[in-house]
Amino acid sequence: MEVATDTALSESRRLEHEAVVRCQRGDARAFKVLVERYQRLAYSVALGLVRCHDDALDLSQEAFIRAYQHIGLFDPERPFLPWFYQLLRNLCFNHLRARRAQRLQALEEAENDAVDLPIEQDYDPEVIVERNETAQRVWRAIGRLPDKYREIIVLRHFQQLSYAEMAALLFLPLGTVMSRCYHARRALRALLEREQGGDLHEV
């Protein structure tokens with residue numbers, strides 16, 4: 001996230017406030033200002049959470065659609081991003097829950113049909129060796145984290161948000177964000193160490 005001067009921030013907030021008010025008065029074109037400002041962040045956060053380009057694109061677009069549909073409920077005196085982020089994260093987490101349910105159902109159906117299941121590549125030791133690249137290991141481990149830990153890792157380490165910025169997005173006290181970040185790193189480290197046999201640099 002860019003560091004801006006107080007003047008630049010004030011001007012940025014003024015433009016955002018103006019765009020929101022225009023939207024609320026029926027000017028659909030004003031919403032483009034908000035989309036252009038946050039579409040990159042929305043996509044990259046969604047990608048970090050769901051790890052699928054197409055799904056991340058769909059979810060970020062859906063978040064903007066819902067924001068536009070409900071813009072009348074938003075208080076224009078408040079920053080737009082935290083409100084929009086709540087829409088985006090709810091969509092992403094709902095998507096992840098649905099995807100897990102689909103996978104579970106598929107497994108149950110396969111077991112009921114007495115079909116020999118193929119070996120899951122992610123758990124095949126040979127494949128893990130073949131994929132011996134740090135980025136893949138890290139992302140696989142991130143995917144196994146609880147949603148709230150995955151989210152905080154993505155925001156902190158891949159979006160480079162400060163603790164204060166994360167607290168604003170998540171509507172959480174600063175101390176809670178710092179604590180969650182600490183436990184998320186420990187959980188990620190434990191997963192990576194388990195996979196790598198304990199030889200791991202600091203996460």
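## Around isoleucine 152

Which residues does isoleucine 152 touch, not counting residues up to four places away in sequence? They are Met166, Leu170, Val177, Arg180, Cys181 and Ala184. Contact means heavy atoms within 4.5 Å.

This is a predicted model: local features need pLDDT of at least 70, side-chain atom pairs count only at pLDDT 80 or more, and totals for chains, interfaces and linings use all residues. Numbering runs from 1 along each chain as its sequence is written, and side-chain values use heavy atoms, with hydrogens and water left out.

## The nonpolar core

The largest nonpolar core holds 51 residues. Such a core is a set of buried Ala, Val, Leu, Ile, Met, Phe, Trp, Tyr and Cys residues joined through side-chain atoms within 4.5 Å. Buried means under 20% relative accessible area (1.4 Å probe, protein chains only). Phe80, Phe84, Leu88, Ile152 and Leu155 touch the most other members. Helix 4 gives the largest share, 10 residues. Helices are DSSP runs (H or I, at least four residues), numbered from the N terminus.

## Helix 9

Helix 9 has 23 residues, and its end C-alpha atoms are 33 Å apart. Glycine 197 follows helix 9, with a positive phi near 75°.

## Cysteines

The disulfide count is zero, with a cut-off of sulfur atoms within 2.5 Å for a cysteine pair. Cysteine 23 is buried at 6% relative accessible area. Cysteine 181 is buried at 0%.

Technical notes:
Buried < 20%, exposed > 50% of the residue type's maximum accessible area, 1.4 Å probe, protein only. Helix = DSSP H or I, 4+ residues; strand = E, 2+ residues; numbered from the N terminus. Expected span 1.5 Å × (residues − 1).
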